[in-house]
Amino acid sequence: MAVDSTAATVTRGSRVAALLLAGAALLFYVPYLGWLPRGIHEWAQADRLALALSFYDFGFDLWHPRTFSVQSADGVTGVEFPLYSYLASLLGIVFGREGISPAFRLLTLATAAAGCYCAFRLVYDLTGKFALSLLPAAFLLSSPAFVYYSGNYLPDAAGASLVLVGIYVLVRAVRAQPAGVRGMILGILVLTVATLVKLSAGLYLGGAVVGLGLYLLQHRLRYGARHWLALAASALGSGACIIGYLLYTRYLNAAYNSTLFLAAPRPIDSPATAAFIWARIQQVWWPEYFSLPASLVLGAAVGLLAWKSRRGGWRRYHPLVGAAMTVVVGGLAFFALMGKQFIDHDYYALAPYAPLLTLVVAGAAYVADRQQWQWSGVAAGVGVVVLLAIGWHRHTQRMQEPYGNFSNYYSYHWMVNADAALARARVPARAQVLVLGEDAPNLALVYLNRRGITWKSDLATVTETELLNRMQQKKLHYLILSQRNMRVFGPAHPDLLRTFRLVYATPNFVVYQPRTLPAPW
């Protein structure tokens, strides 16, 4: 009866945690589900949403990912495995094309909630302490960057969350006595998917293989060839899938002349560069990674684990230490290889580092429970409330404008409702457009709901002939400029209407069409 009562309590606690985390996810993101890409890194957001919309428009061809930008041949591009873009496009069958964007946000949000739930279960299955077990999830949800990208189109937070799911599956498999082969294979499979979705999550796949190998070696009298074969087969199969898809991505980029998604290292090439990057992280991005309470929790967790290890507490956990060291070394190598991306891209830190830091907090929560400190449960409860409150507050700030210096770089404002304006102007849905004066390859095109290209040319010096040639080359039918760009472009081109006719004008943008073309379209 006591066992049944304990099991019922654990089940009830798990359900309450699942409801709490799902509720937190919805509280954070329900007001924004209907938004198109906007805010920090709206450029990259639009690229991913364009993939989903193009899957829907082009018959769900998974092996030829396309965006709205026809800068590459037919818009095809190589990209990390676009699982979420593809799933969102499939949901368009049920909810319609206009439902793809909110479905996309909900998919990544559900994955983040699942990752937080697995972080909770990692501690709860061992301790049965509800508040203490919620601490790792609350720590993760207090990160403005993690929460922002959790209900977003980028795969980074989803990749980090899948890592936590995969690790939880492996821990459950190992805790079963004897360790379950199916659970081991399933855990490796989840981590493989995480790596395909976000390549930097592969650190944890490598760490898991090392950790499982050390575990089987440590208990070699208990485990035989069956477990070793399962580990070897799953590791080799995983590696083959990842390497195969990377080679296919390179083929797509070469065959279709695409450079849209970064496919090359951005290494730290000098001590001066390293110093600049680290200063940039401290001054600009650190508050976006951690709130002050989260930094204090992380510092306390590291201190507690260090204190425990000095007392020899790590000796029983050689496989875990081996896995952690693999991840740490891999994380340092990743930073050295891709360091320049950390200057302006906060999301680059999520997949390689967020799971590790969350696991540090989870490990500290477990150690605190083992010490049987009477105050640990109350302290954890207060910490959870504070972290969740801070997380919601900081996320609300991030979704509003102005937001520090970041919102000075938002460019989506003139694009809002542009699709409806083009429909009123009777611009055909299949017409391809040239958006002049914009950097982001897909942002304006997603809002306009038209395929084409963007061109960040010098507005004052570009000639009408150059515009016509570019439009002919890419088979573009309309020229579009924001009113802000038009105030620069217009005075420099007083004879524009000899070459183009004005089709439509709104307070936000103007639409032109060539009068004649230098050669057949």
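A charge sits over a ring if NZ of Lys or CZ of Arg is within 6 Å of the ring centre and within 35 degrees of the ring normal. The exercises below apply to a predicted model.

**Exercise 1.** Find the ring over which the charged end of Arg38 sits, and state the distance from its centre.

*Solution.* The ring belongs to Trp35, and the charged end of Arg38 is 4.0 Å from the centre of that ring. A second case of this kind is Arg470, whose charged end sits over the ring of Trp455 at 4.1 Å from the centre.

**Exercise 2.** Classify the pair formed by the rings of Tyr32 and Trp35, and decide whether each residue is buried or exposed.

*Solution.* A search of the whole structure gives 28 aromatic pairs. For Tyr32 and Trp35, the ring centres are 4.9 Å apart and the planes stand at 65 degrees; since an angle over 60 degrees counts as edge-to-face, the pair is edge-to-face. Turning to accessibility, the cut-off for buried is under 20% relative accessible area, so Tyr32, at 11%, is buried, and Trp35, at 18%, is buried as well.

**Exercise 3.** Describe the pair of Phe55 and Tyr86, and work out which helices it ties together.

*Solution.* The geometry comes first: Phe55 and Tyr86 are 5.1 Å apart centre to centre, with 85 degrees between the planes, and the pair is edge-to-face. Next comes the location, where Phe55 lies in helix 2 (residues 42–57) and Tyr86 in helix 3 (residues 83–95), so the pair ties together parts that are 31 residues apart in sequence. Finally, both Phe55 and Tyr86 are buried.

Notes
Residues are numbered from 1 along each chain as its sequence is written. This is a predicted model: local features need pLDDT of at least 70, side-chain atom pairs count only at pLDDT 80 or more; totals for chains, interfaces and linings use all residues. Side-chain values use heavy atoms; hydrogens and water are left out. Rings of Phe, Tyr and Trp (its six-membered ring) pair if their centres lie within 6.5 Å; planes under 30 degrees apart count as stacked, over 60 as edge-to-face and the rest as tilted. Buried means under 20% relative accessible area, exposed over 50%, partly exposed in between (1.4 Å probe, protein chains only). Helices (H or I, at least four residues) and strands (E, at least two) are DSSP runs, numbered from the N terminus.
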